[in-house]
Amino acid sequence: MELSRVRRADPFFEREKQNYGSPLPSREYIVQILEREGTPMGLDALANALDIRDDEREFFERRLHAMLREGQVMLNRRDAWLLPDKADLIRGRVQGHPDGFGFLLRDDKGEDIFLGPKAMREVFHGDRVIVRLVGLDRRGRAEGKIVEVLERANTRIVGRVLDEHGIQVVVPEDKRLAQDILVAPGGKRATPGQVVTVELIGQPSRAARPVGRIVEVLGHYAAPGMEIEIALRKHELPFEFSPQARERTRKLPDTVRKKDRTGREDITGLPLVTIDGETARDFDDAVFCGPNGKGWRLLVAIADVSHYVEPEGALDIDARARGNSVYFPRRVIPMLPEKLSNGLCSLNPQVDRLCMVADMSVSVRGEIKAYRFYPAVMFSHARLTYNQVAAALYEKDAKAISLLGELLPHLQELDRLFRALLKARARRGAIDFETTETRMEFDDAGKIARIVPEVRNDAHRLIEECMLAANVCASDFLRDNNHPALYRIHEGPLPKNLEKLRAFLAEFGLALSGGDEPMAKDYAVLLEKTRTRPDAQLLQTVMLRSLRQAIYSPDNVGHFGLAYDSYTHFTSPIRRYPDLLVHRAIKAVLAGKRYSPGDWEEIGLACSVTERRADEATRDVVDWLKCYYMRDRIGETFSGSVSAVVPFGMFVALDDVFIEGLVHISDLGNDYFHFDEARHELMGERTHVRYRLSDRVQVQLVRADLETSKIDFRLLASETWPTERKGKVKRERNQNPAEGRRNKKNEEQSRRKSGGKSRG
């Protein structure tokens with residue numbers, strides 16, 4: 001039978017026929033016909049326009065409904081098919097807010113659309129929907145109404161059981177899911193206060209609340225370790241290995257076998273050592289440094305995970321789903337089973353291990369003159385800690401020096417190399433922000449005993465510089481051999497962020513050089529200028545926040561912060577999936593082959609997402625633990641610094657305690673306070689009292705809410721605006737009322753452009 005003229009006009013027809021064995025019009029062509037007609041079409045009319053035969057009708061309807069599920073077409077109340085774009089409908093993903101409203105994050109990357117509480121009753125955070133614009137909300141934002149739900153994002157939800165007048169409900173732990181779930185009979189039994197997982201059997205709608213059946217009872221809310229169990233489920237972190245991965249792990253050897261050594265260089269005679277923190281259990285990297293003419297030979301040996309984790313194998317599938325290891329206080333969710341992460345792939349002392357080596361020749365100026373990569377067998381001569389190395393090299397501690405013994409000369413060479421690399425870093429212009437990391441110490445009952453700063457010494461920086469060198473060589477190697485890979489990219493600041501930063505710096509008489517496209521060196525020069533200023537912390541914080549987040553991508557655009565043209569992650573394949581891919585790519589080049597794990601861009605996006613997921617889960621756990629730690633200190637007073645300013649108040653980081661909490665705008669004083677985003681401040685309209693990043697304040701703890709993991713303070717005093725200054729502002733205005741009115745008018749105009757207005 002001859003094909004119709006309509007079918008022949010479809011450029012996708014032959015492809016569809018080959019793929020599906022059915023000469024149906026493609027999705028693209030169905031869209032074209034609907035666009036051409038310009039009006040909604042009933043099923044019969046659309047079928048006639050596309051020459052659909054009776055025997056094809058069922059398959060055609062299936063295709064339409066598949067397009068409907070993906071939001072390519074819509075079905076109106078008259079059962080007519082139409083294009084969402086023609087009906088001013090917009091597709092996107094719902095982003096919920098704890099206060100009951102939400103936003104539509106548009107697929108077309110346009111301006112977010114506000115969804116009021118009424119609209120949000122039909123959906124959960126993460127759902128994909130189509131909305132229709134219905135006007136502007138009271139703040140002038142585009143507001144939408146949900147027309148159709150395309151995809152439900154939540155099938156299981158973790159939350160706490162409550163009793164509402166004899167009816168059990170589950171309150172989700174993820175506060176972006178702002179609806180309670182009715183508990184249906186037939187599931188597991190739980191009592192109020194217990195944390196459970198519910199499987200949704202009824203999604204929210206205009207007419208009904210969500211309904212779920214309890215499938216897992218985790219225990220009481222305040223039980224030790226419960227915060228981690230909640231975070232695992234809330235953020236959908238894989239925490240159990242698949243049966244296939246466990247079986248593959250069981251079959252792995254316990255030691256390096258003779259056949260594993262084939263084709264590898266033997267570097268067991270070199271005094272390689274690992275240098276890590278006291279609590280580390282998996283050792284990715286070992287180092288060796290020795291003199292090499294007028295420079296040094298630096299070896300960075302990295303655990304050869306790729307030898308044991310085969311592409312597309314059970315271990316690889318699980319590792320890709322996890323993306324990275326997740327480090328909670330007192331518990332690790334590893335990317336690989338413990339037999340690998342703490343055993344066979346960990347560079348433990350006094351045992352042979354398989355590794356991939358970056359063997360570098362470094363000049364006295366800290367420049368890498370040559371390098372090569374190769375698989376090897378190594379033997380770690382010692383498991384050292386940062387504190388041990390620092391004590392021996394920098395504090396000249398006799399006991400530490402004695403413990404190092406014959407390893408000391410090699411570590412001294414390593415330190416000389418480190419000094420050269422530091423000078424090269426300074427010449428390169430890498431940004432070096434100073435941040436304070438903290439560590440929680442727990443008592444025997446599993447509760448926080450104290451929070452202490454994690455002091456970084458030069459031994460930390462020494463290892464960091466060695467790892468940076470190896471990573472740069474890995475990216476250079478793959479780039480020069482034209483092999484695709486995942487690069488660790490960090491783009492420069494967005495124009496709008498740059499504009500805000502420069503406006504802020506101008507108030508302090510400072511300027512960032514570099515024009516419209518500043519380089520890391522421009523940031524580094526400004527950072528160095530401000531280090532000795534009393535407001536250095538404020539300036540550094542604002543500079544840091546102007547930069548973008550680093551991600552994984554196959555597009556090699558360089559690393560802005562580190563001032564590298566090319567940079568990737570090579571040094572941690574035990575705990576980061578991108579590093580494992582880089583190892584495979586390097587091995588492929590060495591073997592004259594190509595390695596292709598699939599769509600590199602898609603994998604890079606997935607790895608960036610799992611990295612953020614791990615950060616969010618860890619932050620949740622840490623925030624809850626800090627809240628638990630502070631709940632017995634209600635009423636105590638503390639000194640601290642303003643760490644963030646937001647429209648509804650300011651966050652204060654406490655000295656010594658290393659905990660952050662909110663001072664709500666209503667507790668700032670009897671005045672209207674205006675938020676200025678560009679200046680990172682709140683200013684009182686009447687008193688001109690202002691609160692800005694890094695201001696010193698005294699606060700009183702008034703609340704530590706375990707349910708929300710929020711800590712609230714009450715402001716007692718501010719060191720930034722003393723009483724005499726406030727009085728001076730008043731006197732100045734009273735002495736010249738006309739000038740005061742003009743200043744106030746100018747301030748109002750400025751605030752309307754840059755910030756909001758709140759009543760305190």
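Predicted model: local features only at pLDDT ≥ 70, side-chain atom pairs only at ≥ 80, totals over all residues.
Trainee: What makes the pair Asp127 and Arg152 a polar contact?

Mentor: Their side chains are joined at 2.9 Å. The cut-off for a polar contact is 3.5 Å between N or O atoms. The value of 2.9 Å is within 3.5 Å, so the pair counts.

Trainee: Which backbone atom lies 2.9 Å from a polar atom of the Asp127 side chain?

Mentor: The backbone nitrogen of Phe124.

Trainee: Now Arg132. Where does Arg132 lie, and how do you know whether to call it buried, exposed or partly exposed?

Mentor: Arg132 lies in strand β7, residues 128-136. Its relative accessible area is 38%. Buried is under 20% and exposed is over 50%. The value of 38% falls in between, so Arg132 is partly exposed.

Trainee: Which residues form the positive surface patch with Arg132?

Mentor: Lys118, Arg121 and Lys145 form the patch together with Arg132.

Trainee: What makes that patch positive?

Mentor: Its members are Lys118, Arg121, Arg132 and Lys145. Lys and Arg count as positive, so the patch is called positive.

Trainee: On to His674. Why is His674 called buried?

Mentor: Its relative accessible area is 2%. The limit is under 20%, so the word buried applies. His674 lies in strand β30, residues 672-676.

Trainee: Which side chain does His674 make a polar contact with?

Mentor: The side chain of Glu685, at 2.9 Å.

Trainee: What makes the phi of Ser694 worth a remark?

Mentor: Phi is near 75°, a positive value, and Ser694 is not glycine. Ser694 sits in the loop between β32 (690-692) and β33 (696-705).

Trainee: What is the phi of Ser709, and where does Ser709 lie?

Mentor: Its phi is positive too, about 60°, and Ser709 is not a glycine. Ser709 lies in the loop between β33 and β34 (710-718).

Trainee: Why is Ser709 called partly exposed?

Mentor: Its relative accessible area is 23%. That lies between 20% and 50%, so Ser709 is partly exposed. Ser694 counts as partly exposed at 23%.

How values were computed. Residues numbered from 1 in each chain as written. Heavy atoms only, no water. Patch = residues over 30% accessible without salt bridge, like charges linked within 9 Å, V, L, I, M, F, W, Y side chains within 5 Å. Areas by Shrake-Rupley, 256 points an atom, 1.4 Å probe, with all protein chains shown as cover. Salt bridge = Lys/Arg side-chain N within 4 Å of Asp/Glu carboxyl O. Charge placed at Lys NZ, Arg CZ, Asp CG, Glu CD. Helix = DSSP H or I, 4+ residues; strand = E, 2+ residues; numbered from the N terminus. Buried < 20%, exposed > 50% of the residue type's maximum accessible area, 1.4 Å probe, protein only. Polar contact = N/O pair within 3.5 Å; in protein donor to acceptor, adjacent residues only side chain to side chain.
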